[in-house]
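Open the model in your viewer and keep the selection tool ready. This tour goes stop by stop.

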2 protein chains.
Amino acid sequence: MSTPVSDFHAIIPAGGIGSRLWPLSRADAPKFLHDLTGSGHTLLQDTWNRLEPLAGPDRIAVVTGRAHRAAVEKELPGIPDKNVILESEPRDSTAAIGLAAAILARREPDVIIGSFAADHVIRVPHLFDWAVKQAIAVAREGYICTIGIPPTEPSIGFGYIKKAAELIVDGAPEAATVERFVEKPDLDTAKEYFADRSYLWNAGMFISRADVLLGEIAESRPQLYAGLMDLAEAWDDRDARGPVVDRVWPTLEKIAIDYAVAEPAAARGRLAVIPGHFDWDDVGDFASLAKLNSHGRPNDLAILGENARILSDAASGIVVSQTNRVISLIGVKDIVVVDTPDALLVTTSENAQRVKGVVDALKLSGRGEVL
Amino acid sequence: MSTPVSDFHAIIPAGGIGSRLWPLSRADAPKFLHDLTGSGHTLLQDTWNRLEPLAGPDRIAVVTGRAHRAAVEKELPGIPDKNVILESEPRDSTAAIGLAAAILARREPDVIIGSFAADHVIRVPHLFDWAVKQAIAVAREGYICTIGIPPTEPSIGFGYIKKAAELIVDGAPEAATVERFVEKPDLDTAKEYFADRSYLWNAGMFISRADVLLGEIAESRPQLYAGLMDLAEAWDDRDARGPVVDRVWPTLEKIAIDYAVAEPAAARGRLAVIPGHFDWDDVGDFASLAKLNSHGRPNDLAILGENARILSDAASGIVVSQTNRVISLIGVKDIVVVDTPDALLVTTSENAQRVKGVVDALKLSGRGEVL
């Protein structure tokens with residue numbers, strides 16, 4: 001692909017269970033540890049493989065929960081120990097990305113970081129490469145730069161980024177400033193956004209100088225910033241780290257980076273965006289997973305698992321098969337069947353977003369062992 | 001209930017897999033070996049329990065395949081050895097019922113037999129009792145008597161019996177002769193039948209003198225009759241039976257008793273019918289099973305299995321759970337989910353009749369081990 005960018009360091013926050021993909025995705029086998037595209041690799045490996053040409057194998061950090069350490073190290077045998085940043089417990093994205101930024105900034109003050117979710121699907125890697133390189137050029141100018149995806153439909157499943165003026169940066173011909181971040185809209189609003197070409201999907205990618213990102217956190221969330229600084233200072237010192245983590249971690253504010261960093265930066269004209277012309281999906285639910293695996297044939301049933309045991313006349317939908325049972329579907333349309341050894345889900349594409357509610361109900365009903 | 005009728009002998013043909021109830025019903029666990037009503041008894045036991053007050057425990061014969069001998073004897077510990085009539089291979093209902101009739105007629109020439117399927121569901125036993133007693137009175141007059149069910153809807157899933165003139169028989173105030181037997185009609189025809197009160201559902205029940213039934217077979221199917229006579233003659237002689245079975249069984253014509261006996265008897269005015277005012281269902285498919293287990297609440301999901309592991313907002317339909325997995329249904333209506341250790345079926349009530357097609361497809365695709 002290309003030579004790594006020498007001052008660039010990638011961060012992969014690998015958190016989140018993916019409740020909308022239950023019972024495929026579980027607390028002990030979250031979304032990023034699954035192969036959801038039939039590529040033969042987990043989403044985490046695919047993410048690593050996309051970033052390696054840009055950052056090099058020694059410059060990709062993964063921020064994950066202690067419970068997933070072994071799985072992450074198994075999936076990514078090339079990752080240096082110091083680049084596995086373990087969270088005591090999840091404190092949302094500002095803490096995860098901010099901590100990695102603070103640790104990396106102490107190791108290398110001028111580093112440019114790029115944060116990319118562990119569980120998104122991206123196709124056409126050279127276009128991803130090109131977008132990140134433009135974003136790095138913009139970040140070098142002191143901006144926090146996102147990558148936004150030109151919408152292909154009026155989705156209500158994603159947040160949106162509204163572009164403002166064109167931004168003149170050498171090496172980033174498509175750069176623009178961002179007017180604002182918008183949360184997942186209703187359908188009418190999504191249709192407006194889709195018609196108005198200045199809205200892009202928020203793919204949760206942030207590229208900036210580490211010190212610029214930390215400066216934004218310092219401005220908007222001074223207490224959280226102080227905690228992250230304390231953690232970073234002790235992090236690379238084996239003796240010091242433990243006590244500081246014990247003291248500071250529980251105090252870290254849980255807040256999404258969109259609110260703590262992107263929105264305030266946009267308001268001050270310090271947020272930029274590069275359009276990403278690659279195929280992107282956050283695989284947010286089974287409807288999305290079905291689409292991703294239907295290979296452009298909308299009337300085909302998508303199958304994750306062994307085809308040979310599935311007898312179906314189903315038009316569209318998805319079957320995820322993790323057992324060796326024969327599965328027979330008759331006369332069902334847009335069906336979602338997820339067959340695992342201890343749990344079975346049957347729903348429809350239309351109801352895919354409601355799967356999270358089942359997870360909540362299972363928690364309440366004391367069935368946590370299948371989550 | 002009542003004193004058994006001394007010259008009455010019941011026959012329970014226990015054959016048929018119930019392909020439309022796959023994967024609940026299997027070759028090695030056919031419909032009659034399942035508890036489909038939550039009664040705590042299999043359908044075969046329920047059938048036995050209904051007949052015992054009418055015939056007595058020593059006068060109920062079961063005709064079944066060799067493969068089911070052990071299961072039948074386990075389910076019916078009170079059955080005398082000589083009343084388990086084993087088929088070498090299935091040859092349809094005329095051979096099954098005719099053989100039992102021939103064997104019983106040799107043991108007791110004036111016996112009145114009544115044949116009742118092993119896998120139907122009947123509620124309100126005293127009304128069943130009353131109908132059978134009327135039918136026995138009619139049979140004693142030399143008629144072949146059926147019991148027909150007054151339709152509660154224009155079903156296309158059952159055959160129909162058209163009543164003709166009233167029949168004056170002492171002890172059978174509701175007796176009538178039968179004009180004809182009609183196969184499963186289309187919906188328009190079923191609606192006509194439903195509006196015209198002279199049509200009853202054919203519940204596959206036949207009561208007659210054994211010699212009268214055999215006379216009808218002799219008339220309509222002389223070769224089959226000769227075969228049945230040869231078998232019956234040798235049956236109760238341990239040494240003679242084997243060679244005769246080996247020689248004769250493969251030659252027995254496969255024909256339903258409706259064609260070989262009921263239709264010709266009706267044409268000659270020798271078929272009678274008693275209306276059965278009990279609830280009856282042949283549990284022909286999962287739609288029927290759902291209805292049977294919804295306890296009159298049409299918007300309830302019927303559940304066969306352990307409720308506690310099922311999380312559902314499904315309105316109507318049925319879940320059959322034979323594993324200990326958590327089952328979650330979201331936003332699906334009239335759904336049929338049958339969860340067994342080696343096979344899973346997902347369909348809808350509307351498609352319930354099509355389940356048989358899957359069984360055929362599984363046979364063709366070499367997946368016979370799950371049938």
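**Stop 1: the cysteines.** Select Cys145(A). Its relative accessible area is 0%, so Cys145(A) is buried. Keep in mind that you are looking at a predicted model. Now jump to Cys145(B). Buried or exposed? Cys145(B) is buried, also with a relative accessible area of 0%. How many disulfides does a search of the whole structure find? Zero, over all chains.

**Stop 2: the two copies.** Show chain A and chain B together. Rotate chain B by 180° with 0.1 Å of shift along the axis, and chain B superposes on chain A with an RMSD of 0.0 Å. That is the relation of a two-fold axis. To find the axis, select Val346(B): within chain B, its C-alpha is the nearest to the axis, at 4.1 Å. Next, colour the interface. Of the interface residues of chain B, 100% are also interface residues in chain A, so the copies meet through the same surface.

**Stop 3: the largest cavity.** Rolling a probe the size of a water molecule over the atoms shows where empty space is left. Searching the whole structure this way turns up two cavities of 30 Å³ or more. Begin with the largest cavity, which has a volume of about 50 Å³. Select its lining in this order:

- Thr47(B), Arg50(B) and Leu51(B) are among the lining residues.
- Phe116(B), Ala117(B), His120(B), Ile122(B) and Phe128(B) also line the largest cavity.
- Ala203(B) and Met205(B) complete the lining.

Now display the secondary structure of chain B. Which elements supply at least two residues each of this lining? They are helix 1 (43-55) and strand 9 (199-209). Helix 1 of chain B gives the most, with three residues. Colour the lining by class: seven residues are nonpolar, two are polar and one is charged.

**Stop 4: the second largest cavity.** Move to chain A. The second largest cavity holds about 30 Å³ of space. Which residues line the second largest cavity? Select Arg50(A), Phe116(A), Ala117(A), His120(A), Ile122(A), Ala203(A) and Met205(A). Apply the class colours again: here the lining has five nonpolar residues, one polar and one charged.

**Last view.** Show both linings at once.

Conventions: Residues numbered from 1 in each chain as written. Chains lettered and ligands numbered in written order. Predicted model: local features only at pLDDT ≥ 70, side-chain atom pairs only at ≥ 80, totals over all residues. Heavy atoms only, no water. 1 Å grid on protein atoms, 1.4 Å probe; cavity = no way out; pocket = protein on both sides within 12 Å on 5 of 7 lines; lining within 4 Å. Points joined across faces, edges and corners; volume = space filled by probe spheres on them. Helix = DSSP H or I, 4+ residues; strand = E, 2+ residues; numbered from the N terminus. Nonpolar A, V, L, I, M, F, W, Y, C, P; charged D, E, K, R; others polar. Least-squares fit on C-alpha atoms with pLDDT ≥ 70 in both. Contact = heavy atoms within 4.5 Å. Disulfide = S-S within 2.5 Å. Buried < 20%, exposed > 50% of the residue type's maximum accessible area, 1.4 Å probe, protein only.
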